[in-house]
Amino acid sequence: MELTVAITGASGTIYAHRTLQLMAQSGSVDTINLIMSETAATVAKVETGANLDVPTVEIINEWLGLPAGSKIVRLWRLDNFAAKPSSGSNKQAGMIIVPCSMGTLGAIASGAGTNLIHRAGDVCLKEGRKLVLVPRETPYNAIHLENMLKLSRAGATILPASPGFYHRPKTIEDLVEHLCFRILDQFDIPHSKKTQWTGDEINPAV
Ligand SMILES: Cc1cc2nc3c(=O)[nH]c(=O)nc-3n(C[C@H](O)[C@H](O)[C@H](O)COP(=O)(O)O)c2cc1C
């Protein structure tokens, strides 16, 4: 499977980091077209200490703990409208924007995008491909909510960065993985399912 992942400047770099790692380990993803917004690097530094200011494939592979020389991640510049994800003629499974800022969400909802992330999202919508947005903001104002409704009506999946607690997370990683697994589920990408609700937790099947 080939898909596009974008990281924007909303809080939650850790979600992008773990989602990318799990995808790379899954065995079902051959190529991840990665696009980062400018502010994504700022947030990554604030939240994780990672220096992604001038990202290269080597830096991203190291950040994700992938072997040097791994070809799974292909990195595209934000201003490169000639990049692969910019064209509907390049068939891909779809796109995930994690975390998704209100700015990026609004740009895609308006149809007046100005960078490759916006364009790639727009391409998914026009081609009827899966577009999963993982927004992070609190509280939402009416404009955020209207933009999300607009995108949902246009075919996008709004998957908020709001992890559940029913698997009794012990660590931040447990909590983060719960959300990442839900993202992977959107593309049927295999994972450990260790946070999956089975129905037997409090009410065993008879
Ligand atoms: C540390 C930090 C945290 C931020 N958190 C959020 C957030 O959770 N949600 C959001 O919509 N914007 C957040 N922002 C603001 C966005 O980064 C800003 O609106 C930016 O223009 C988004 O651009 P982008 O979508 O191209 O990344 C944050 C900015 C910084 C520096």
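Predicted model: local features only at pLDDT ≥ 70, side-chain atom pairs only at ≥ 80, totals over all residues.
The C-alpha trace spans about 55 × 45 × 35 Å along its principal axes, and buried residues account for 36% of the 206 residues. If we take the contacts between residues at least 6 apart in sequence, 75% of them join residues at least 24 apart.

Let me turn to the sheet. In what order do the 6 strands of the open sheet lie? The order is S3-S2-S1-S4-S5-S6, and the pairing is parallel. The edge strands, each of which pairs on one side only, are S3, residues 73-76, and S6, residues 157-158. Within the sheet, strand S1, residues 2-7, pairs with strand S4, residues 94-100, in the parallel sense over 3 bridges, and Thr4 stands opposite Met95 in S4. Helix H3, residues 57-64, packs on the sheet, where it touches S2 and S3, and its direction makes about 130° with that of S3. Helix H5, residues 116-127, also packs on the sheet, touching S1, S2, S3, S4 and S5, with its direction at about 135° to that of S4.

Is His17 buried or exposed? His17 is buried, because 21 other C-beta atoms lie within 10 Å, and the cut-off for calling a residue buried is 20 or more. The C-alpha atoms of His17 and Trp63 are separated by 8.1 Å, although these residues are 46 residues apart along the chain.

Finally, I come to helix H6, residues 142-153, which has 12 residues and reaches 16 Å from its first C-alpha to its last, close to the 16 Å expected at 1.5 Å a residue. Its buried residues are Asn147, Met148 and Leu151, and, seen down the axis of H6, they fall within an arc of 100°, so they line one face of the helix. Those buried residues pack against helix H4, S5 and S6, whereas the face turned away from the buried side carries the exposed residues Ala142, Leu145, Leu149 and Arg153. After H6 comes Gly155, whose phi is positive, near 115°.

Methods. Residues numbered from 1 in each chain as written. Pairing = 2+ DSSP bridges. Helix = DSSP H or I, 4+ residues; strand = E, 2+ residues; numbered from the N terminus. Contact = placed C-beta atoms within 7 Å. Axes fitted to C-alpha atoms, helices over the stretch in contact; angles between N-to-C directions. Buried ≥ 20, exposed ≤ 12 C-beta atoms within 10 Å, placed from the backbone. Expected span 1.5 Å × (residues − 1). Arc of directions from axis to C-beta.
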